[in-house]
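Please look at the sequence and the structure shown here, and keep both at hand while reading the paragraphs that follow.

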Amino acid sequence: MTEAKAALRGPRRHSPLARSNRRFGALIAAPAVLLVLGLIAWPAVQTLVYSLQDSTFVRQGSWNGFENFIKLFSSEKFMNSLGLTAVYAVGFLVLSTALGLAFALLLNQEFRGRWLARGLLIVPWAFPWVMVGIIWKWFVDGDVGVLRAIVVDWGFAPEFVAPLSTKNGAVAIAIIAAAWRQSSLAALLFLAGLQTMPREIHEASLVDGASTWQRFTHMTVPWLRPVIGVVIILNTISGFMQFDVIWALTQGGPGNATTVLSIYLYQQLFVDTNLGLASATSVVLGVLALGLGFIFVKLMYRDKGISEGVQ
Amino acid sequence: MRRSRLQSTIIYVSFALFLIWILFPLYFTVLSSFMTPSEIGSRPFHWWPENPTLINYIAIFTGNSTPFGEGVSQGIVSSTDAVERILPAMGRSLIVGALVALINVVIGGLAGYAFSRFPFRGASLAYFLLIASRVVPGLAIVLPFFIVFRQVGLLNTMTGLTIAYVAFTLPISVWVLKTYFDTVPIEIEEAATIDGASRLRTLAVIVAPLAKPGLIAAGLLAFLEAWSEFFFALVLTDSLTAPPVVAGLQSLQQFSWTTLAAATVVTVIPPVIIAVAFQRYIVSGLAAGSVK
């Protein structure tokens, strides 16, 4: 951050050339800045406004304070959905971060076939989220799925209960399927971080006779701290916002077993067509994802200052 | 460094698990796409198609399900225009993705260059706002898009989708490109300026070629995002692009997983090829900002 500030300040502030340069900079940055302000900042503010009104899709309503939020938080369906979203997001965060770190550590070793592993690592990330959901849905399907074949044909169990037909099974598969893609992104970022680690640090520790575990906790983790922070933010946001995978897998079912907030939001929009409640749900989602992401990072950087991590 | 036998074993066992984790779901999908609907449900499971068939791909590329003939009764995509919608949807995905990428490279490139070289009054604030909007989730702001698009008639149009996707990709592009321009030595531009070249000309002729890897990374990331996007396409259009069309096959009364598998394979081939072929650019783009 400090570096960027110094760079933005520049040396000769008051010369005519400096002024003309500033004007040029403002001019060529304007389209991007205005587009993003108009297409993200304005809709975000607008969503906040809708959440405090009783507007409908065709009519601007009047302010009604926090009525939408009160309605939301006293609705059982919303509270269930909120709890489910938390469970889902935590499971997704833990699984995709842990797998990503494990893959990166593995691919940072030298072994035969590493080129293949590194080439394959990016493949799940290249899949559209919704395709990930489709593939996993049929992978675990009770009739045609290969999981059934392994469980039954190979004699692990006499019968196969399709996981998507049970409450916990559906949540678990929704977490695993989404982590299949996200762990790939996490691993790519972790691996990029590991590759910038100076060899000397590694070699010095070997001389000191540090154990593998000590090297991991005392050198690798501290070195990766900024990357871990970014990955945790990305995974947290992605977990709270996950829609595509769950939509393709279960559309929120069975029953409401996988109706996380994003699915609930879609239902409010297109089934109940309740603009106020949908906006309030959007606000809750946005605040949760952003807030939690930053809290995690803050905790990690308690002694280092947050800016270094998210820069 | 020599490894103990135990360490080697751990590494190769992990490698095997890694391969299974990534490849197994893919193998099942590709395998299914070469089977007939009646074979996919057979027990015991067929790990290799008995009579490999292109019937699912033919249905998609010819846009009709008649190649199945009598198979229709066995649960093929039968009614509706579901199959014939796939190829045109992919075409529209391609157009939207290319437009989004182009706009990102041009507008994002200009802004990235400005933030890197020509700090203007309020540049810090503007840059901060751009970066902050990167983490605003699309899900949370879809409503105003829906309402405004409805009023101005942009629902279910490629223009509308392109606008929405530009919003989500621009912050990342500006970030990636500013980071990249920062690594391009400034001396070359100064020499060009002394020679009397205008600033825009210097950018186009001298800086842009030097910043090519950054521009490629930003363009590809934007394209992949647009190609893959599902939620906005679902809310703002009636299955205009490939992801919602393919996902829509699942909700048909009569359809077969084998056809869906083939449609999935066809839809993921472009992004997978791009990602693998340009892995270096893409990873450097993804890592900009998170890895120093």
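At roughly what angle do the axes of helix α4 (residues 86–117) of chain B and helix α12 (residues 242–249) of chain B cross? Before the answer, note that this is a predicted model, in which local features need pLDDT of at least 70, side-chain atom pairs count only at pLDDT 80 or more, and totals for chains, interfaces and linings use all residues. Residues are numbered from 1 along each chain as its sequence is written, while chains are lettered from A and ligands numbered from 1 in the order in which they are written.

The axes of α4(B) and α12(B) cross at roughly 155° and come within 8 Å; axes here are lines fitted to C-alpha atoms, for helices over the stretch in contact, and angles run from 0 to 180 degrees between N-to-C directions. Helices are DSSP runs (H or I, at least four residues), numbered from the N terminus. The angle makes α4(B) roughly antiparallel to α12(B), given that angles under 35 degrees count as roughly parallel, over 145 as roughly antiparallel, 65 to 115 as roughly perpendicular and the rest as oblique. Ile86(B), Ala89(B), Met90(B) and Ser93(B) of α4(B) make the contact with Ala242(B), Val245(B) and Val246(B) of α12(B), where two residues are in contact if their C-beta atoms, placed from the backbone, lie within 7 Å. By class, these residues are 6 nonpolar, 1 polar and no charged; Ala, Val, Leu, Ile, Met, Phe, Trp, Tyr, Cys and Pro count as nonpolar, Asp, Glu, Lys and Arg as charged, and the others, Gly among them, as polar.

We now turn to the two chains together. Their contact takes 79 residues from chain A and 71 residues from chain B, and the side of chain B that touches chain A has 55 nonpolar, 13 polar and 3 charged residues. Helix α2 (residues 16–51) of chain A and helix α7 (residues 158–183) of chain B have axes that come within 9 Å and cross at roughly 125°, and α2(A) and α7(B) are therefore oblique to each other. Residues of α2(A), including Leu35(A) and Leu39(A), meet residues of α7(B), among them Val166(B) and Leu170(B), and the residues of this contact divide into 11 nonpolar, no polar and no charged.

Finally, consider helix α10 (residues 199–208) of chain A: of its 10 residues the number buried is 0, so α10(A) lies largely in the open. A residue is buried if 20 or more other C-beta atoms lie within 10 Å of its own, exposed if 12 or fewer, and partly exposed in between, with C-beta atoms placed from the backbone. Just after α10(A), Gly209(A) takes a positive phi of about 75°.

Key
Helix = DSSP H or I, 4+ residues; strand = E, 2+ residues; numbered from the N terminus.
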